[in-house]
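Please examine the sequence and the structure shown below. A short briefing on the fold follows.

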Amino acid sequence: MSRDDPLGDLDGADGASARGSANASRDRRRDERPGGLRARARTFFSPRRFLLALVLAAAGLFVGGLVPLVGSLTRFVGLAAATFALGVASARRCYVEVALAGALAAVGSVLLGLLTSAFLPITVDFLARSGVAFALAVAGIGALAGLVGYYFGRDLRAGFTRSL
């Protein structure tokens with residue numbers, strides 16, 4: 001019998017069911033603790049927030065790419081604007097999700113744009129020679145644009161919600 005379950009000896013004559021219920025209740029309490037591993041993992045990375053950030057980042061890149069200005073620079077402005085809106089709307093911080101979503105959406109968007117261009121043989125040769133370095137650079141720019149937009153959105157939200 002454990003100290004956690006003072007009434008455990010009332011369950012059965014041999015105490016086997018008391019040990020089983022004590023172990024089950026201890027396991028249940030361990031999973032429900034606020035500092036448990038699952039709770040910490042959920043606070044560090046949320047798949048729902050990541051999917052929301054990914055959809056918004058892709059939409060921002062698409063809308064930003066529709067503006068015919070300086071090459072594909074407006075795509076990243078659209079990404080920053082979308083993550084800015086996410087920062088204004090969200091109450092919880094999700095910087096990891098936004099950075100990863102911005103990086104993946106940027107790489108996907110730029111590679112899709114390159115592979116659907118009219119100069120496909122030149123593009124394939126370029127990607128074969130320096131595709132990994134190019135993808136990492138685009139991922140870094142996408143993550144940075146997403147984080148900057150999200151940071152300023154969170155800053156604006158904090159300014160609106162702060163009491164004077």
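How close do the axes of helix 4 and helix 6 come, and at what angle do they cross? The axes of helix 4 (residues 73-89) and helix 6 (residues 120-161) come within 7 Å and cross at roughly 35°; axes are lines fitted to C-alpha atoms, for helices over the stretch in contact, and angles run from 0 to 180 degrees between N-to-C directions. The model is predicted, with pLDDT of at least 70 needed for local features and 80 or more for side-chain atom pairs, while totals for chains, interfaces and linings use all residues. Residues are numbered from 1 along each chain as its sequence is written, and side-chain values use heavy atoms, leaving out hydrogens and water.

**Overall fold**
- The protein chain has 6 helices and 0 strands (DSSP runs, H or I of at least four residues for helices and E of at least two for strands, numbered from the N terminus).
- Of the 164 residues in the protein chain, 29% are buried, that is, under 20% relative accessible area with a 1.4 Å probe, counting protein chains only.

**Helix 4 and helix 6**
- Two packed helices are described by the angle between their axes and the distance between the axes.
- Residues of helix 4, including F76, L79 and F84, meet residues of helix 6, including V138, I141 and Y150; contact means heavy atoms within 4.5 Å.

**Helix 5**
- Helix 5 (residues 95-115) has 21 residues and reaches 30 Å from its first C-alpha to its last.
- Among the buried residues of helix 5 are V98, A101, A105 and S109.

Methods
Expected span 1.5 Å × (residues − 1). Buried < 20%, exposed > 50% of the residue type's maximum accessible area, 1.4 Å probe, protein only.
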